[in-house]
Amino acid sequence: MNADAKPIIDFKRLIRTIPDYPKPGIMFRDITTLLLDPQGLRGAVDELMLPFLNMSVDLVAGIEARGFILGGAVAHELGKGFVPVRKKGKLPHKTIGQEYQLEYGVDAVEIHADAIAPGQRVLLVDDLIATGGTAEAAIELVRRSGGELIAAAFIIDLPELGGSVKLRKRGVSVHTLVSFEGH
Ligand code: AMP
C-alpha cells in the first residue's frame, strides 16, 4: 500500500446489530460502534461525501439525530453550512413542517423557514434508509423552501423496505455505503 492509498474499511463489521429492538422483528442497525472507531468514523464521513466533492453543494441537511453527527461532519469536510432537520416542536424560530407516515400513525419533521434560500443546492444525510418516509419528508421541506435536492446519502440501505428505490423513482440520486437484508 502506498502512502496515499486508503485502507479498506469493513463498515458492516463495525455496525452492531441488535435483534428485536425497539420491537420484535426489527433488526436495529446500531452505528454507535462505527462512530466509536476512529478509522470507521473518518472512513464513513469520507465515503459519504466523496461523490459530492467536485459537485456544487451549498448546504448539507441532516436528519435528527444520527444525521446530525454524520451530516455535520460532511458539511465541515465540504466547507458548507448545515441545516438540522428536526422532529416536530424542537426548533425555536419560524418553521415549516412535513408529516410522514409511520407504521401506526404519523410523525413530522421541521426546518427553520429561513434555513434554505431558493436555488440553494442541498445534500441530505442520514445514517440509514428503510421505507424512505423520513427522507421523503425532509426532501419535501428542501423543495418547499425552493432548494434543489442534489442527492441523499446514507451509510446503510435496507433494500427490502424499498426506500432507496422509492427516492430514485422520484428523481433523487441516492448514495449508500452498505446494505443489510431484512428490516
Ligand atoms: P424510514 O423513514 O423508514 O426510511 O426510517 C429511517 C429512519 O429510521 C432513520 O432515521 C433511521 O435512523 C431509523 N431506522 C429505521 N429502521 C432502522 C433500523 N432497522 N435500524 C436502525 N435505525 C433505523
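**Labels and their cut-offs**

Me: What makes the approach of Leu141 to Ser145 a polar contact?
Reply: The backbone oxygen of Leu141 lies 2.8 Å from a polar atom of the Ser145 side chain. A polar contact is a pair of N or O atoms within 3.5 Å; within protein, one must be able to donate a hydrogen and the other to accept it, and residues adjacent in sequence count only if both atoms are side-chain atoms. The value of 2.8 Å for Leu141 and Ser145 is therefore within the cut-off of 3.5 Å.

Me: What kind of model is this, and how are residues numbered?
Reply: The model is predicted: local features need pLDDT of at least 70, side-chain atom pairs count only at pLDDT 80 or more, and totals for chains, interfaces and linings use all residues. Residues are numbered from 1 along each chain as its sequence is written, and side-chain values use heavy atoms, leaving out hydrogens and water.

Me: Why is Ser145 called buried?
Reply: Its relative accessibility is 11%. Buried means under 20% relative accessible area, exposed over 50%, and partly exposed in between (1.4 Å probe, protein chains only). So Ser145 counts as buried. Ser145 lies in the loop between α5 and β8.

Me: Which residues is Ser145 in contact with, leaving aside neighbours within four places in sequence?
Reply: Ile96, Ile111, Ile116, Ala117 and Pro118. Contact means heavy atoms within 4.5 Å.

Me: Is Pro118 buried or exposed, and why?
Reply: Pro118 has a relative accessible area of 69%, so it is exposed. Pro118 lies in the loop between β6 and β7. Beyond four places in sequence, Pro118 touches Ser145 and Gly146.

Me: Why is Asp20 called partly exposed?
Reply: Asp20 has a relative accessible area of 48%, so it is partly exposed. Asp20 sits in the loop between β1 and β2. Its phi is near 60°, a positive value in a residue other than glycine.

Me: Why does Ile8 count as exposed?
Reply: Its relative accessibility is 85%, so Ile8 counts as exposed. Ile8 belongs to the segment before α1.

Me: What makes β7 mostly covered?
Reply: Seven of the nine residues of β7 are buried.

Me: How do you know that β7 and β8 pair?
Reply: They share eight bridges, in the parallel sense. Two strands pair if DSSP finds at least two bridges between them. Strands (E, at least two residues) and helices (H or I, at least four) are DSSP runs, numbered from the N terminus. Leu128 stands opposite Ile156 in β8. β3 and β7 also pair in the parallel sense, over four bridges. There, Val60 has Leu123 of β7 as its bridge partner.

Me: How many bridges join β4 to β6?
Reply: Two, and these strands run antiparallel. Arg86 stands opposite Glu110 in β6.

Me: What is the strand order of the open sheet, and why do β5 and β9 stand at the edges?
Reply: The seven strands have the order β5-β6-β4-β3-β7-β8-β9, with mixed pairing. β5 and β9 each have a single partner strand, so one side of each is left without a neighbour in the sheet. Neighbouring strands are turned by 20° against each other on average, direction ignored. Axes are lines fitted to C-alpha atoms, for helices over the stretch in contact, and angles run from 0 to 180 degrees between N-to-C directions.

Me: Which strands does helix α4 touch?
Reply: α4 packs on the sheet, touching β3, β4, β7 and β8. Its direction makes about 140° with that of β7. Helix α5 lies across β3, β4, β5, β6, β7 and β8, running at about 150° to β5.

Me: What makes the peptide bond from Tyr21 to Pro22 cis?
Reply: Its omega is near 0°. Pro22 is in the loop between β1 and β2. A cis peptide bond also joins Glu64 and Ala65, with omega about -5°.
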